[in-house]
Amino acid sequence: MNQVYLIGKIITDIEFKFIINSKNISIAIFKIKTIKDNQEIHIKCFNEIADYFYSKYKKGDAVMIEGKLKENEVIVTEL
C-alpha cells in the first residue's frame with residue numbers, strides 16, 4: 001500500500017459535492033502546497049472526512065494529511 005503524509009497550506013477554496021447516484025457520497029476537493037518543496041498536490045476526501053474538511057478548514061489553513069497516492073492526487077484516509 002502506498003501511504004503518504006503531507007504537511008502544507010490549503011491554496012484553493014474547498015469544493016464540496018454530492019454524488020447522487022452513489023447513495024449520496026460527499027466529496028471535498030482542494031489543493032495544498034507542501035511546506036518543504038512548494039509542490040501543489042490535488043486532494044480528494046470522501047464522506048465523513050469530506051464533511052469535516054469542508055466545515056473546519058478554509059483557504060490558507062495549514063493541514064497535515066494522511067492518505068493514498070493515486071495517479072496525480074492524494075485520497076485522504078485519516079484525519
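I searched the whole structure and found six aromatic pairs. The model is predicted: local features need pLDDT of at least 70, side-chain atom pairs count only at pLDDT 80 or more, and totals for chains, interfaces and linings use all residues. Residues are numbered from 1 along each chain as its sequence is written, and side-chain values use heavy atoms, with hydrogens and water left out.

**Entry 1: rings**

I noted how such pairs are described: by the distance of the centres and the angle of the planes. Rings of Phe, Tyr and Trp (its six-membered ring) pair if their centres lie within 6.5 Å; planes under 30 degrees apart count as stacked, over 60 as edge-to-face and the rest as tilted.

I looked up Tyr 52 and Phe 53, which form an edge-to-face pair with 6.4 Å centre to centre and 90° between the planes.

Next I checked accessibility, where buried means under 20% relative accessible area, exposed over 50%, and partly exposed in between (1.4 Å probe, protein chains only). Tyr 52 is partly exposed at 32% relative accessibility. Phe 53 is buried at 3%. Tyr 57 is partly exposed, with a relative accessible area of 25%. I also recorded that Phe 30, Tyr 52, Phe 53 and Tyr 57 form one aromatic cluster.

**Entry 2: strands**

I took helices (H or I, at least four residues) and strands (E, at least two) as DSSP runs, numbered from the N terminus. Two strands pair if DSSP finds at least two bridges between them.

I started from β3 (residues 25-34), which pairs with β1 (residues 3-10) in the antiparallel sense over three bridges. Here Ile 10 stands opposite Ile 32 of β3. Strand β2 (residues 15-19) is joined to β3 by five bridges, and the two run antiparallel. Phe 18 stands opposite Ser 26 in β3. With β4 (residues 40-46), β3 pairs in the antiparallel sense over seven bridges. I found Ile 41 of β4 as the bridge partner of Ile 32.

I then followed β1 to β5 (residues 62-70), an antiparallel pairing over seven bridges. Gly 8 stands opposite Val 63 in β5. Five bridges join β5 to β6 (residues 73-78), again antiparallel. Lys 68 stands opposite Ile 75 in β6. These two strands, β5 and β6, form a hairpin with two residues between them, and Glu 71 in the turn has a positive phi of about 55°.

Thr 34 lies in strand β3 and is buried, at 7% relative accessibility. I listed its contacts (heavy atoms within 4.5 Å). Not counting residues up to four places away in sequence, Thr 34 touches Leu 6, Ile 7, Gly 8, Gln 39 and Ile 41.

Asn 38 is in the loop between β3 and β4, a hairpin with five residues between the strands. Asn 38 has a positive phi of about 55° although it is not a glycine.

Asn 47 is found in helix α1 (residues 47-56). Asn 47 is not a glycine either, yet has a positive phi of about 55°. I noted Asn 47 as partly exposed, with a relative accessible area of 32%.
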